Amino acid sequence: MRFFSVRLIVALILGVTLVSAGFTYYQVERQRSALRQELRHRAEVLGESLSDSVENQVERGSAAELQRVVTRFSNREHLAGVGVYNRDAEPLAVTPGLDQLLSGHRDAVAVAINRRAGEGVFLRSGNTPVHIFALPIVRQGQVIGGLAIVHDATYIRARSRHLWWETFWRALVQVLLIALITVFIVRWSIEGPIARAAQWMRALRTGRITPSHQAPEMPFLQPLAREVQTFVESLHHARSAAATEARLREAGESLWTAERLAVHVRTRLEGSRLFVVSNREPYTHTRTGKAIEVTVPASGLVTALEPVLNACDGTWVAHGNGNADAETVDARDCLRVPPDDPRYTLRRVWLSKEDEDGYYYGFANEGLWPLCHIAHTRPIFRASDWERYQLVNQKFAEAVLEEMADTANPVLLVQDYHFAPLARLVKQKRPDARIAIFWHIPWPNPEAFGICPWQRELLDGLLAADLIGFHVQAHCNNFLQTVDRTLECRIEWEHFTAQRLGHTTMVRPFPISVDYTEAEERPADGSVFLDRVALLQELGVEATFLGVGVDRVDYTKGIPERFLAVERFLEEHPSYQGRFVCVQIGAPSRGVIRRYQELMWEVEAEAERINRRFQAGKWKPIVFLKRHHTHREIQRYYRAADLCLVTSLHDGMNLVAKEFVAARDDDRGVLVLSQFTGAARELRDALLVNPYDIDQTANAIHRALNMSASEIAERMQRMRRTVREHNVYRWAGSLVAELCGVRLEAAPAPERTHDGVSAA
């Protein structure tokens with residue numbers, strides 16, 4: 001760094017000196033030109049004046065009078081002398097000593113007489129620079145003589161030299177000051193921050209601190225600072241992954257991690273590429289003022305699939321709905337992500353408002369969503385919505401086919417109920433593609449699914465996939481029963497496959513999970529209580545016990561039933577009035593659908609009614625937070641709560657239950673879980689309830705608050721072991737492995753079956 005400072009200062013000195021010399025030369029030349037111009041003008045004025053004065057004397061040839069005039073004018077500043085000549089350029093009167101100064105330069109007068117015009121020239125007489133101005137003396141249109149005015153131009157050279165020296169010393173002082181200021185700036189703005197950054201990185205490298213410690217400020221080196229921060233985080237993650245892998249290997253465990261998943265998938269793909277299709281995109285660009293911000297939606301899907309896509313340079317095809325999404329893509333509607341370390345491609349598909357209204361809000365969420373959840377909300381099916389649903393699936397299929405055009409034997413993972421026809425559309429053009437679709441919501445019994453007017457078309461599209469995944473085995477059973485009753489195909493219950501038109505589709509359960517991360521620092525005793533107090537103070541509520549619910553405001557989540565259970569609990573156990581509070585985090589969802597608007601009003605009204613009944617002082621039984629919360633904000637509630645209420649009326653899995661368990665590294669907290677969730681099949685140590693049974697849920701709350709610390713710890717430890725071993729990376733690895741093991745079959749010729757559904 002010292003060598004850098006010296007080199008910088010020397011370079012500055014040389015640079016400033018050269019620039020100063022250039023500007024000085026320019027100034028000197030400008031001054032010299034101005035002085036010369038001034039001297040010419042003075043000579044011309046003096047010449048015109050003398051010409052008028054000596055005109056008569058020249059004509060009469062009066063040498064004495066001419067000499068007197070010449071002598072009188074010769075004492076002017078910088079004037080070396082004056083000479084008066086006849087028409088033949090012979091001297092009539094000359095300032096003493098001027099002949100010697102003009103020796104060899106008298107022809108200037110003759111030239112002026114011959115040209116009948118004034119002539120000025122700068123010459124050097126010996127070592128003396130002079131300016132000679134000669135002009136003819138004219139009387140009545142006739143040249144009768146000539147006049148020479150000679151100025152000593154030495155003062156111009158003297159002034160130029162003075163300017164050179166003055167500028168030199170001024171530049172020298174400036175260079176010294178600039179060098180001193182530069183040394184100060186380098187030490188204060190560059191050397192200091194870099195030295196602190198080096199100490200910070202050394203501490204990180206040696207493990208004395210973690211990346212959570214605030215990085216040193218480097219305002220002058222912001223781009224470098226961002227890259228250093230990214231590099232440090234990557235180094236920390238790599239070190240953590242290596243340590244985790246070594247620990248697992250030492251313990252002989254088979255825990256799935258992001259790194260193990262990446263290696264596993266890369267091996268299974270055998271050089272091919274993975275393509276993912278989902279409605280929601282993994283990165284959204286939004287414009288805030290003049291800046292564009294990148295946000296990552298809170299999604300377990302992103303957590304699970306990013307390591308896979310990173311490992312094989314895959315492509316994620318999704319709906320681009322950020323208001324700045326179109327500004328960040330290339331001509332093919334693609335961009336590389338993640339932003340800090342681009343390793344796979346995001347392809348965006350653009351939908352019109354009519355597309356969204358019909359495909360997403362209409363058929364998918366007013367039709368399929370209530371149909372599959374059987375949550376006592378009537379499904380709405382419109383022919384126009386079905387047409388839009390098919391049209392949007394065709395758009396996505398075209399985008400997928402464009403992206404996999406140069407890939408042999410591509411692997412495609414389709415996500416959720418938005419894309420039931422997609423597998424058929426892709427298989428028609430790319431029979432060499434291995435396709436899996438994961439259905440993230442429940443599959444109802446055949447009688448319920450039969451409500452859908454286009455059930456045959458939906459099933460036909462799904463059965464073009466090589467693998468269909470559900471959360472639990474019961475949904476697999478329902479699906480195959482629905483297929484068996486609706487379409488002409490052969491079901492092999494022993495292998496859980498459906499054969500239709502020469503194509504075999506496997507149906508398997510893959511329980512999705514969360515990213516289970518071991519806490520680096522276990523909270524000290526009492527920290528949970530202190531965090532709970534801080535949270536309640538922020539909410540303006542005083543209480544001793546805290547329950548939490550985290551949901552989208554959706555009619556499948558059983559939020560009104562949860563509030564009724566809290567009310568019944570306080571009725572049955574009045575000693576908890578003033579002591580127990582339930583905080584409901586409710587993210588608004590699908591607000592353009594009237595049923596969701598009505599549900600929001602219903603939830604708010606129920607919370608207000610119960611609070612009016614029981615509220616006293618600074619306590620109220622229910623706090624309803626109706627906004628989106630970040631993952632970090634929600635984690636605080638998970639870690640501070642005595643119990644978590646998950647009372648879904650019907651759910652494919654419900655990851656809130658698993659997130660709560662993963663967050664409780666203190667082995668505290670009780671999970672009250674609906675028996676109608678997929679998570680209830682795995683988390684058997686939760687207090688399982690029927691959310692429709694208000695009394696049972698109220699009793700579960702009371703039991704959770706009175707459970708012994710040892711029982712709470714034992715239950716939580718067993719649940720955490722389950723979530724840890726069956727994490728989201730295991731889900732993704734199992735799904736991809738099963739799909740990559742599919743043996744591709746020859747594509748059948750297009751034909752139409754008797755049930756009216758095209759085989760192609």
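This talk goes through some salt bridges and one surface patch in a predicted model.

First, the ground rules. Residues are numbered from 1 along each chain as its sequence is written, and side-chain values use heavy atoms, with hydrogens and water left out. Because the model is predicted, local features need pLDDT of at least 70 and side-chain atom pairs count only at pLDDT 80 or more, while totals for chains, interfaces and linings use all residues.

I start with salt bridges, meaning a side-chain nitrogen of Lys or Arg within 4 Å of a carboxyl oxygen of Asp or Glu. By that rule there are 44 salt bridges.

One of them pairs aspartate 554 with arginine 590, with the closest N and O atoms 3.5 Å apart. This pair links distant parts of the chain, 36 residues apart. Aspartate 554 is in the loop between strand 18 (545-552) and helix 16 (559-572), and arginine 590 is in the loop between strand 19 (580-587) and helix 17 (594-614). Helices (H or I, at least four residues) and strands (E, at least two) are DSSP runs, numbered from the N terminus.

Are these two residues buried or exposed? Buried means under 20% relative accessible area, exposed over 50%, and partly exposed in between, using a 1.4 Å probe and protein chains only. Aspartate 554 is buried at 1%, and arginine 590 is buried at 12%.

The next pair is arginine 613 and glutamate 567, at 2.8 Å between the closest N and O atoms. Arginine 613 is partly exposed, at 46%, whereas glutamate 567 is buried, at 8%.

Now a pair within one helix. Arginine 715 and glutamate 711 meet in a salt bridge at 3.0 Å, N to O. They are four residues apart in helix 21 (residues 709-725), so about one helical turn separates them. Arginine 715 counts as buried at 14%, and glutamate 711 is partly exposed at 26%.

Salt bridges can also share partners: Glu567, Arg568, Glu571, Glu606, Arg609, Arg613 and Asp695 are joined this way into one network.

Last, the surface. Val173, Leu177, Leu180, Ile181, Phe184, Ile185 and Trp188 make a nonpolar patch of about 780 Å². Patch residues have over 30% relative accessible area and no salt bridge; like charges are joined within 9 Å, and nonpolar side chains (Val, Leu, Ile, Met, Phe, Trp, Tyr) within 5 Å. Accessible areas come from the Shrake-Rupley method with a 1.4 Å probe, and for residues only the protein chains shown count as cover. Isoleucine 181, one of the patch residues, is found in helix 5 (residues 154-205).
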